[in-house]
Amino acid sequence: ELGCGALLPTASPIRSLAFHPKFSALAVGFQNGALMVIDEPFVERGDVHCEQAVGTVWDLAFSPSSDTLAATGGNGRLLLWDLATGATRRPAPATEEVQSLDFDPSGDLIAIGGSDGDIILLDAHSAEQVGQPLKGHDGAVQDVAFHPDGDSIASAGSDRRVFLWNVQTGLPMTDALTGHGGPVFAVDWVVDGVGLASGGNGAALAWDFQFATLRSIVCASANRDLSTFEWNAYVGSDRPYQPSCGVRPGGPVPE
């Protein structure tokens, strides 16, 4: 029906979907490796463009400029489909089976998460690896998402954990976020980047990174200001001391 009979001789489960960021088009990835882009998916008839990927299409992402569709595949492979010319590239494997991918907001980097627990950064234009793998997950990286400012990445893993990564250093920005009772399959940022949602094992968790919220939680737990020693150790002696939780009776806790 969709004009992709050569790629879909029999029904195959759909594993991934992605809407075009600018136009009315939908990308669909199938378990048998078929990949299609449907123009005008909400009308009765629309043009359909078909391509063969490289194994189960676990994840899809359009570039911010909307001219490239990236698709994951088996054996650590990635398909880059130039939608204007129809040309495709299949870079050499960078990791084990790719479970997830995302473009950074500039469209210059692609993050891919592998079944071996590594996150690889690729140059979106040359498909060459950038820097060292981001290592921290014990098990498959099920989803990755760039922060709206492009400086950090959130990742969800089958190890029940969510990590936040500094793109420049390749290191975790904090201890792993825990709370899920099973594998975490999805993660995404709030539009303005002040929060994060993660989902898995029948539950979704929301993570609030606004300073005011974090301060209120910490202050409610500690029930006091930082001591000057703690301030110098954790904030830095180069910054003037300030009451962390507001002016409390008796002033700051003495050293």
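Biologist: Why is Glu-51 called buried?

Modeller: Glu-51 has a relative accessible area of 17%. Buried means under 20%, exposed over 50% and partly exposed in between (1.4 Å probe, protein chains only), so Glu-51 counts as buried. This is a predicted model, in which local features need pLDDT of at least 70 and side-chain atom pairs count only at pLDDT 80 or more, while totals for chains, interfaces and linings use all residues. Residues are numbered from 1 along each chain as its sequence is written, and side-chain values use heavy atoms, leaving out hydrogens and water.

Biologist: What makes Arg-90 and Glu-51 a salt bridge?

Modeller: Their closest N and O atoms are 3.2 Å apart. A salt bridge needs a side-chain nitrogen of Lys or Arg within 4 Å of a carboxyl oxygen of Asp or Glu, so Arg-90 and Glu-51 qualify. Glu-51 is in strand β4 and Arg-90 in the loop between β8 and β9, so the pair ties together parts 39 residues apart in sequence. Strands are DSSP runs of E, at least two residues, numbered from the N terminus.

Biologist: Which residue does Asp-118 form a salt bridge with?

Modeller: The partner is Lys-135, with the closest N and O atoms 2.9 Å apart. Asp-118 is in strand β11 and Lys-135 in strand β12, 17 residues apart.

Biologist: Is Lys-135 buried or exposed?

Modeller: Its relative accessibility is 54%, so Lys-135 counts as exposed. Asp-118, at 12%, counts as buried.

Technical notes
Helices (H or I, at least four residues) and strands (E, at least two) are DSSP runs, numbered from the N terminus.
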